[in-house]
Amino acid sequence: MADNLSYSFALPGGAFCAGLARSAVAELLTRHGLAELREPAVLAASELVASAYRFTPDREMLLRVHWQFDALRIILYDQHPSHGSAAKSEECRERRSESMWLLAATVDSYGGDWGLTPALTPSGGCKAWALLHR
């Protein structure tokens, strides 16, 4: 059942979206036989959405949840604007990374990985993800 887990959701960008993401991820993992990953995945989705909201409030975001190569991938794309210089971009990325300490601790405890990078779009944006193994 996990092999066909592949969903994408547009979220409107309000603070309430973290709750929507938690509910959706919990339900999907239960339905696809991945209930053992529900707790860390729900926390990861919530932290990714919260970070996007903190850095780009009230802007639409896209949450992607899928199973690939024996791992759960949770990816969030936001509309964080591009910065004028590489130094400012790096400073912003460091601030965002530091704010995701709970995500880092959770993913690390499950032997997973996480990260963030600029989205490769003309208007900017950020791609943040968490990877969890069974």
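A disulfide is a pair of cysteine sulfur atoms within 2.5 Å. By that rule, the predicted model shown here has 0 disulfides. Residues are numbered from 1 along each chain as its sequence is written, and side-chain values use heavy atoms, with hydrogens and water left out. In this predicted model, local features need pLDDT of at least 70 and side-chain atom pairs count only at pLDDT 80 or more, while totals for chains, interfaces and linings use all residues.

**Figure 1. The whole chain.**
The chain has 4 helices and 5 strands; helices (H or I, at least four residues) and strands (E, at least two) are DSSP runs, numbered from the N terminus. Along the sequence, these elements follow the pattern β-α-α-β-β-α-α-β-β. The C-alpha atoms fill a box of roughly 45 × 30 × 25 Å along the principal axes. The radius of gyration of the chain is 14 Å, which agrees with the value near 14 Å for a compact globule with 134 residues. This radius is taken over C-alpha atoms, and the globule rule is 2.2 Å times the number of residues to the power 0.38. Of the 134 residues, 45% count as buried; buried means under 20% relative accessible area, exposed over 50%, and partly exposed in between, with a 1.4 Å probe and protein chains only. The accessible surface comes to about 7,000 Å², of which 54% belongs to carbon and sulfur atoms. Accessible areas come from the Shrake-Rupley method with a 1.4 Å probe, and for residues only the protein chains shown count as cover. Among contacts with a separation of 6 or more, 62% are between residues 24 or more positions apart; contact means heavy atoms within 4.5 Å.

Cys 17 is in no disulfide, and the nearest cysteine sulfur, that of Cys 126, is 16 Å away. Cys 17 is buried, with a relative accessible area of 0%. Cys 92 is in no disulfide either; for Cys 92 the nearest cysteine sulfur is again that of Cys 126, 7.7 Å away. Cys 92 has its place in helix H3 (residues 86–99) and counts as buried at 5% relative accessibility. Leaving aside neighbours within four places in sequence, Cys 92 is in contact with Phe 55, His 80 and His 83. Trp 114 is 22 residues from Cys 92 along the chain, and their C-alpha atoms are separated by 17 Å.

**Figure 2. Ala 21 in helix H1.**
Helix H1 (residues 17–31) contains Ala 21, which is buried because its relative accessible area is 1%. Not counting residues up to four places away in sequence, Ala 21 touches Leu 11, Ala 45, Val 49 and Leu 63. Ala 21 and Ala 44 are 23 residues apart in sequence, and their C-alpha atoms are 9.6 Å apart in space.

**Figure 3. Helix H4 and what covers it.**
In helix H4 (residues 101–109) the buried residues are Leu 103, Ala 104, Thr 106 and Val 107. An α-helix has 3.6 residues a turn, so residues three or four places apart point the same way. The cover over the buried residues of H4 includes helix H2 (38–55), strand S4 (113–118) and strand S5 (126–133). Gly 111, with a positive phi near 70°, follows H4.

**Figure 4. Aromatic rings.**
The structure holds 1 aromatic pair. Tyr 7 and Phe 9 form this pair, which is stacked, at 6.4 Å centre to centre and 10° between the planes. Rings of Phe, Tyr and Trp (its six-membered ring) pair if their centres lie within 6.5 Å; planes under 30 degrees apart count as stacked, over 60 as edge-to-face and the rest as tilted. Tyr 7 is partly exposed at 31% relative accessibility, and Phe 9 is partly exposed with a relative accessible area of 27%. Elsewhere, the charged end of Lys 127 sits over the ring of Trp 129, 6.0 Å from its centre. A charge sits over a ring if NZ of Lys or CZ of Arg is within 6 Å of the ring centre and within 35 degrees of the ring normal.

Asp 58 lies in the loop between H2 and strand S2 (61–68). Although not a glycine, Asp 58 has a positive phi of about 60°, and this residue is exposed, with a relative accessible area of 53%. Asp 70 is in the loop between S2 and S3. Its phi is also positive, near 60°, in a residue other than glycine, and Asp 70 is exposed, with a relative accessible area of 59%. Pro 81 is found in the loop between strand S3 (71–78) and H3 and counts as partly exposed at 46% relative accessibility. Pro 81 and Pro 118 are 37 residues apart in sequence and 9.6 Å apart in space, C-alpha to C-alpha.
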